[in-house]
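Please look over the model below before reading the numbered points.

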Amino acid sequence: MRNERLKWLLLSAVFAAVTAVFSQITIPLPLIPITGQTLAVGLAATILGSRYGTLAMIIYVLLGAVGLPVFSGANGGLQVLVGKSGGYIFGFILTAYITGLILEKTRFSFGWALVANHVGMVVTLVCGVIQLKYVLDIPWSAAVMSGGVSFLLVGVVKAVLAAWIGIKVRERLVSTGLVQVNKPTLS
């Protein structure tokens, strides 16, 4: 049991690092860039589930908060978290939890992973739009259009990729015996 918990904790750390790497995949846009971060969040939640997917995102956010350059554009620090993209980053924690929870309450299958990752995409966008609106002091319509609607198409693509790749990787980890999936716990 102790070794199994250690495996899940190590996988959480690995996915925090994967998120940091994916955050450097960036397509610049006027307000908020398109990044690979959300794909990494979906993969973490789909592979690790709610507890350890969430832990991976907490580690990621904490690494950035202390100044490590893990956020988009190799940025880090509290100024990023309180800035225009901070809502998306904080949203990753909630997204990982909700996405993983949906899969745990249903089943880890491609169909349910599609549903869970699309719900997760919406959660991330809502968190991001809320902070974007207040930080930039712009109308709700502008925040929704520039911080939400403009990311929907690419968000759908990333949700599909996270569902497909995530389920395949999880199946491999389980089938090879690298991890067991009988209720991992943090205690």
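1. Axes are lines fitted to C-alpha atoms, for helices over the stretch in contact, and angles run from 0 to 180 degrees between N-to-C directions. Helices (H or I, at least four residues) and strands (E, at least two) are DSSP runs numbered from the N terminus. This is a predicted model, in which local features need pLDDT of at least 70, side-chain atom pairs count only at pLDDT 80 or more, and totals for chains, interfaces and linings use all residues. Residues are numbered from 1 along each chain as its sequence is written, and side-chain values use heavy atoms, without hydrogens and water.

2. Between α4 and α5 the packing angle is about 155°, and their axes are 8 Å apart. The two are therefore roughly antiparallel (an angle over 145 degrees). Their contact has 16 nonpolar residues, 10 polar and no charged. Here Ala, Val, Leu, Ile, Met, Phe, Trp, Tyr, Cys and Pro count as nonpolar, Asp, Glu, Lys and Arg as charged, and the others, Gly among them, as polar.

3. Helix α2 (residues 37-65) packs on helix α4 (residues 86-105) at about 115°, with axes 7 Å apart. That makes α2 roughly perpendicular to α4 (65 to 115 degrees). In this contact there are 14 nonpolar, 10 polar and two charged residues.

4. The largest pocket holds about 600 Å³ of space. Its lining has 36 residues, with Ile32, Pro33, Thr35, Gln37 and Tyr88 nearest the centre. Elements that each supply at least two lining residues include α2, α4 and α5 (110-136). By class, the lining has 17 nonpolar, 17 polar and two charged residues. A pocket is an open set of points on a 1 Å grid over the protein atoms alone, where a 1.4 Å probe fits, with protein on both sides within 12 Å along at least five of seven lines; lining residues have an atom within 4 Å of a point. Grid points are joined across faces, edges and corners, and a volume is the space filled by probe spheres set on the points.

Technical notes. Angles under 35 degrees count as roughly parallel, over 145 as roughly antiparallel, 65 to 115 as roughly perpendicular and the rest as oblique.
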